Amino acid sequence: MKSTGPEAGPTPKLSIDHRTVTYVSGPLLIAEQAQGVGYDELVDVIAPDGDVRRGRVLEVSGDKMTVQVLEGTRGLDRQGTVVRTRGAFARLPVGPGLIGRILDGAGVPIDGGPPLLAVAERDVNGAPMNPVARDHPSEFIETGISAIDGLNTLVRGQKLPIFSGFGLPANELAVQIAASARVLGSDEDFVVVFAAMGVTQREAAYFRGQFADSAALERTVLFLNLADDPTVERLLTPRAALTAAEYLAWEEDRHVLVILTDITNYCEALREVAAAREEIPGRRGYPGYMYTDLASLFERAGRVRGRRGSVTQLMILSMPDDDISHPIPDLTGYITEGQIVLSRDLHRRGISPPIDVLPSLSRLMNAGIGAGRTREDHSAVADQLYACFARGRELRQLCSIVGESALSEEDRRFLAFAEDFEQRFVGQSGVSRTLVETLDRAWELLAHFPAAELKRVKPDILARYHHYKDEMAETS
């Protein structure tokens, strides 16, 4: 069966032409005589020159319908434009043949390969997951990134955003995670569904090249919505990607990692469409329903009891002006289960990946670590690293005021630890580490502290893993 994108579906028995177009603005138009038309129904918009464009019904009010035109409304007018309803809803052709393909934002193959052979079609809006059927995420995912694996652990079925600033290497971090992510203790690799929204041609070429060079493309479904593609298509891209992920997880029993970049571009498209509809704006001009709209995407992650598959989400979000209180990161934080925060200061200092561990958080970390899951010392060493680094950061600020000479020997040890931690634990310059390597490196850093100063670790764990290095004794 040949695929033509997410609008492909059963041929409707009846199509109706609506020739009374009363309003055209941005990506929207309004047509009258909308009897029998349903919300979210697919339509064909026929331009005066005969060009057929895809559209979707956003709203029906009385005998008027608001249509979202996927290819934009340039060249449309009120006299010669026809809206033809199709009696069908947006659906994505799915099947195992999705893996290894590159698709546009609407789900149409753009890799020059053969047509996609679909075994089924699924509504791009997905099906609500019964909360009772949800299983609690508890399986550790090894990403190869020490600041995540050791301190902000990702677990299977979790939704975890990466808060970045414009110009920071969030995409590079996401590609590295996509190439190396695996469930600890399992031989099964993740299938990666990577959806890029509003990216430039250079960024799209980077994603293609990175996945091809690492051979990760063989287990990846790549959706690319470019910056010059229709704005409205940007709203469809994450839904098409999640629909593909749900099929692979629930019907193919696969572990699926969904990476969405950039959620900020998605929200800007949402604001543009809301402005064209002349809706009353909310905070900073974003629509008041943005929280609900984002939740409809993020809540499609999870695990289901009795199913082997799972959907785990990493979403990249660029914070305007590096403002974590901006409406987009603010609302995202309420929906998701933590955040990974990238630091511009660390990036300037050449530390890669520039993850700021203090504001970063994984709320499901404790469910996926410990004896039987990772290692018995994992939780304790993570707590101790946080405590030592937080004190080192405080002393760094104090040192800028009073000078390092005013610090005690103990304070200087914490100050040196903060620098060493950022350079040797957070920084890894694109090289992936196993969890064992991450935990062993943590103990190497803590070896410069006497056991009495490591108050977050139980004595039996200290006795097994801590080997104190007295610099004074070594020097003498």
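Reply: Buried means under 20% relative accessible area, exposed means over 50%, and partly exposed is in between (1.4 Å probe, protein chains only). This is a predicted model, where local features need pLDDT of at least 70, side-chain atom pairs count only at pLDDT 80 or more, and totals for chains, interfaces and linings use all residues. Residues are numbered from 1 along each chain as its sequence is written, and side-chain values use heavy atoms, with hydrogens and water left out.

Me: Is Glu246 buried or exposed?

Reply: Glu246 lies in helix α4 (helices are DSSP runs of H or I, at least four residues, and strands of E, at least two, numbered from the N terminus). Its relative accessible area is 13%. Glu246 is therefore buried.

Me: How are α4 and α6 oriented to each other?

Reply: Helix α4 covers residues 231–250 and helix α6 residues 290–298, and they pack at about 25° with axes 10 Å apart. Axes are lines fitted to C-alpha atoms, for helices over the stretch in contact, and angles run from 0 to 180 degrees between N-to-C directions. Angles under 35 degrees count as roughly parallel, over 145 as roughly antiparallel, 65 to 115 as roughly perpendicular and the rest as oblique. The two helices α4 and α6 are therefore roughly parallel.

Me: Which residues of α6 meet α4?

Reply: Contact means heavy atoms within 4.5 Å. From α4 come Pro238, Arg239 and Leu242. Their partners in α6 are Asp293, Ser296 and Leu297.
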